[in-house]
Amino acid sequence: MELYTAIQQLRAQYPESRSAVMPALRLAQDRYGWLSPEALREVAEALDLTPAYCKAIASFYDMYHLAPVGRHLVEVCTNLPCALVGAQRVVEAFELELGIAAGETSDDGAVTLRAIECAGGCGRAPVVVVDNRYREPVHPEDVPAIVERLRDGS
């Protein structure tokens, strides 16, 4: 099904078109892997909104990607509860293991590492989200095994 049609089906479930912007952005991201300017335009046109409005929503939330991401996405929560129990050390361990800085993608396009503001798992911090699956708590010594599983494809 084309994106426009899928967004129209979503739009019908909401009282106003702008109320459907978040699920519509998710549809576009699922289809393209990230929200390019063209994808934002498609969402905007389907909802009778401006691309700027759609980008404003997408740029506010961590779950939307405004740049291409790797085949695997590793997100480390760095919000206060995670920070208090060593999230920065976990970020640094991933940076060392992957050879990239937070916010970058490996040269082979395999892994994108991101520091995110909140993963919602404060009770078992620090939280790492790998390909939308939560791992908690994660400590620096856990990182090599996580990266090895990503490289092995498991």
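**Reading the model, feature by feature**

Q: What kind of model is this, and how are its residues numbered?

A: This is a predicted model, in which local features need pLDDT of at least 70 and side-chain atom pairs count only at pLDDT 80 or more, while totals for chains, interfaces and linings use all residues. Residues are numbered from 1 along each chain as its sequence is written, and side-chain values use heavy atoms, with hydrogens and water left out.

Q: How many helices and strands does the protein chain have, and in what order do the elements run?

A: Helices (H or I, at least four residues) and strands (E, at least two) are DSSP runs, numbered from the N terminus. Here the protein chain has seven helices and four strands, and from the N terminus on the elements run α-α-α-α-β-α-α-β-β-β-α. The C-alpha atoms fill a box of roughly 50 × 35 × 25 Å, taken along the principal axes.

Q: Which domains does the assignment give, and how far apart do their C-alpha centres lie?

A: Domain bounds come from an automatic or database domain assignment. For the protein chain, that assignment gives domain 1 (3-60) and domain 2 (72-153), and the C-alpha centres of the two lie 28 Å apart.

Q: Which residues of helix H1 are buried, and what do they pack against?

A: A residue is called buried under 20% relative accessible area, exposed over 50%, and partly exposed in between (1.4 Å probe, protein chains only). Of the 154 residues of the protein chain, 39% count as buried. In helix H1 (residues 3-11), the residues Leu3, Ala6, Ile7 and Leu10 are buried. Because these residues cover an arc of only 100 degrees around the axis, they are on the same side of H1; the arc is that of the directions from the helix axis to the C-beta atoms. The buried residues of H1 pack against helix H2 (21-32) and helix H3 (37-47), where contact means heavy atoms within 4.5 Å.

Q: In what order do the strands form the sheet, and which are the edge strands?

A: Two strands pair if DSSP finds at least two bridges between them. In this structure four strands form an open sheet in the order S2-S1-S3-S4, with mixed pairing. The edge strands are S2 and strand S4 (133-135), each of which pairs on one side only. From one strand to the next, the twist averages 20 degrees. Helix H6 (residues 87-98) packs on the sheet, where it touches S1, S2 and strand S3 (128-130), and its direction makes about 155 degrees with that of S1. For such angles, axes are lines fitted to C-alpha atoms, for helices over the stretch in contact, and the angles run from 0 to 180 degrees between N-to-C directions.

Q: Where does Gly70 lie, and which residues does Gly70 touch?

A: Gly70 lies in the loop between helix H4 (51-60) and S1, and is buried, with a relative accessible area of 11%. Not counting residues up to four places away in sequence, Gly70 touches Thr105, Gly109, Ala110, Val111 and Thr112. Gly70 and Ser106 are 36 residues apart in sequence, yet 7.5 Å apart in space, C-alpha to C-alpha.

Q: Why does the count of disulfides come to zero?

A: A disulfide is a covalent bond between the sulfur atoms of two cysteines, and the rule applied is a pair of cysteine sulfur atoms within 2.5 Å. By this rule the count comes to zero disulfides. The sulfur of Cys118 is 4.9 Å from the closest cysteine sulfur, in Cys122, and this is too far for a bond. Cys118 is partly exposed, with a relative accessible area of 42%, and Cys122 is also partly exposed, with 44%.

Q: Where do cis peptide bonds and positive phi values occur?

A: Most residues other than glycine have a negative phi, and most peptide bonds are trans. In this model a cis peptide bond joins Ala125 and Pro126, with omega about -5 degrees, and Pro126 has its place in the loop between S2 and S3. A cis peptide bond also joins Glu136 and Pro137, with omega about -15 degrees. Asp48, although not a glycine, has a positive phi of about 55 degrees, and lies in the loop between H3 and H4. Asp131, in the loop between S3 and S4, has a positive phi near 50 degrees.
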